[in-house]
Amino acid sequence: MSKITASLLFTFLALINLQGQNPLPEVWTLTDCVEYALQQNITVEQARLRAEIARNNLNTARMDYLPDLRLGNNLFWNFGLNIDPVTNQISRQSRQTVNFQLSSNWVLYNGGAKYNTIAQSSHNLKAAQYDYEAARNDISLLVASSYLQILLNKEIEAVAREQVRITNLQVNRTQKLVNAGTLPEGELLQLEAQQARDEQNLISTQNAVTISQLQLANILQLSNPDDFEIGSPDLGLPDASILDRPAANVYEVAVDKQPSIRAAEMRVLSGEEGIDLAYSGFLPTVSLIGQVATNYSDQIPNVTGATDMEIPFGYVGNTGDVVFVQQSVPITDGVKPFNDQVSDNLNQLVGFSLQVPIFSRRAVANNLQNAKINADINRLNLDQVKNDLKQTIYQAHNDAKAAKLQFEAAAKSVQASQKAFEYARQRFEVGALNQVDFETAKNNLAAAQSQFSQAKFDYIFRVKVLEFYLTNQVNL
């Protein structure tokens with residue numbers, strides 16, 4: 001193959017590979033992030049694979065109702081005194097023997113173990129599927145939280161950028177006044193110092209945006225996080241009517257929808273089936289057995305025919321004459337062929353097997369005791385999961401109400417700080433307010449705006465968490 005042909009082939013395969021891949025978005029929406037995380041996250045993929053294992057276990061339990069089929073083969077070299085497995089003759093000749101067995105064992109009854117195993121595997125599969133759904137919910141909430149953190153950091157960066165803009169305007173204005181001799185140079189130096197602090201704060205907020213983007217890119221497991229950029233959706237305030245519902249009502253709805261609860265319930269049912277499965281160890285097992293076998297020995301002669309021969313039989317008592325009789329003697333030609341022996345030596349077996357457990361060194365009794373303990377553990381785990389969910393919902397409900405009050409207070413603080421800053425700016429521009437008081441008013445506005453952004457996003461997220469418990473979906 002020439003270099004040009006190889007290059008063209010490589011390019012063609014690369015294009016096919018690129019066409020088979022979905023291109024990553026240039027600007028990521030929350031939906032893009034959640035969907036990509038659900039496909040790439042390791043924890044979610046592990047949960048999916050565990051569900052696949054549980055599905056395979058259920059299929060194995062169902063197929064256990066069928067009989068098995070085994071093909072066996074043995075090849076032996078015998079030396080010294082031995083018994084030919086074909087002729088049952090004792091001999092000291094060295095021999096080579098081969099035997100084949102095709103056997104089947106069909107368990108007709110084993111105390112209901114097969115049925116209980118299927119029922120337990122079915123519950124385990126449902127539990128694994130609910131675990132997979134819970135893992136998807138967890139990563140969706142984590143992505144939504146990280147996404148909102150980026151938006152929050154961007155708003156704080158915007159506030160810091162606005163402060164830098166205002167300070168730059170004041171520096172330019174003061175520079176002109178100093179040059180005109182209207183203001184002392186000290187006023188300009190103080191503003192330049194504030195300008196440096198504002199620029200430093202802007203750099204800090206920009207770094208916070210970059211770090212939060214890298215954290216979300218890491219959750220998404222992007223190979224090149226430097227190119228990761230999210231959109232800037234216009235997030236409206238959430239519907240606060242959910243806060244009017246008592247936390248107990250939210251819990252009553254969530255307890256029937258949350259996959260973590262359903263998974264724990266399935267494991268309780270699995271534990272109960274485990275007790276019945278352990279009981280089956282005390283009961284007898286009835287099986288139907290069938291077998292077809294054949295043998296080969298290199299000491300079996302190949303009979304090709306027969307000939308009549310006179311063989312001395314005895315003597316006449318009075319005369320001493322020898323008495324002969326005719327006997328048919330086989331004519332042999334080497335060892336009987338392998339295929340002929342296999343077909344001629346076929347034997348079949350069919351029958352029933354009954355096994356009654358009498359003494360198992362307390363293994364069955366201990367298995368039953370362990371099954372009961374595991375069932376109790378699963379019930380306690382269900383109670384624990386429900387208690388954890390109740391505490392989480394009550395805490396989330398309280399946090400959401402507090403976040404709403406903080407948001408309302410922050411909104412009032414921004415309005416008051418904005419009016420105070422405008423008043424201070426007007427007084428500062430006419431020389432009725434000193435530099436320190438003006439910077440105090442500006443910093444108070446910046447702090448109020450940052451706190452407002454934090455309160456806003458915290459309020460949105462807290463309400464969305466409550467909505468998640470009600471709907472089992474993450475929406476922004």
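Biologist: Which residues do ring pairs link into a cluster with Trp28?

Modeller: Tyr36 and Phe228 join Trp28 in that cluster. Rings of Phe, Tyr and Trp (its six-membered ring) pair if their centres lie within 6.5 Å. Before we go on: this is a predicted model, where local features need pLDDT of at least 70, side-chain atom pairs count only at pLDDT 80 or more, and totals for chains, interfaces and linings use all residues. Residues are numbered from 1 along each chain as its sequence is written, and side-chain values use heavy atoms, with hydrogens and water left out.

Biologist: How many aromatic pairs does the structure hold?

Modeller: There are 8.

Biologist: Why is the pair of Phe407 and Tyr459 called stacked?

Modeller: Planes under 30 degrees apart count as stacked, over 60 as edge-to-face and the rest as tilted. The planes of Phe407 and Tyr459 stand at 25 degrees, with ring centres 5.5 Å apart, so the pair is stacked. Helices (H or I, at least four residues) and strands (E, at least two) are DSSP runs, numbered from the N terminus.

Biologist: What makes Phe407 and Tyr459 buried?

Modeller: Buried means under 20% relative accessible area, exposed over 50%, partly exposed in between (1.4 Å probe, protein chains only). Phe407 has 11%, so Phe407 is buried. Tyr459 has 3%, so Tyr459 is buried too.

Biologist: What makes the pair of Phe421 and Phe438 tilted?

Modeller: The angle between their planes is 35 degrees, and the centres are 5.8 Å apart. Phe421 is buried at 3% relative accessibility. Phe438 is buried at 0%.

Biologist: How do you know that the charged end of Lys390 sits over the ring of Tyr251?

Modeller: The charged end of Lys390 is 5.1 Å from the ring centre. The rule asks for NZ of Lys or CZ of Arg within 6 Å of the ring centre and within 35 degrees of the ring normal. Lys456 sits over the ring of Phe457 in this way, 5.6 Å from its centre.

Biologist: Why do Glu229 and Lys154 count as a salt bridge?

Modeller: A salt bridge is a side-chain nitrogen of Lys or Arg within 4 Å of a carboxyl oxygen of Asp or Glu. The closest N and O atoms of Glu229 and Lys154 are 2.7 Å apart, so they form one. Glu229 lies in the loop between α5 (185–220) and α6 (247–254), while Lys154 is in helix α4, 75 residues apart. Glu229 is partly exposed, at 32%.

Biologist: What makes Asp376 and Arg379 a salt bridge?

Modeller: Their N to O distance is 2.8 Å. That is within 4 Å, so the pair qualifies. Both lie in helix α9, 3 residues apart, about one turn of the helix. Asp376 is partly exposed at 40%, and Arg379 is partly exposed at 32%.

Biologist: How many salt bridges does a search of the whole structure find?

Modeller: The search finds 17. Among them is the bridge of Glu467 and Lys464, at 3.3 Å, N to O. These two are 3 residues apart in helix α10, about one helical turn.
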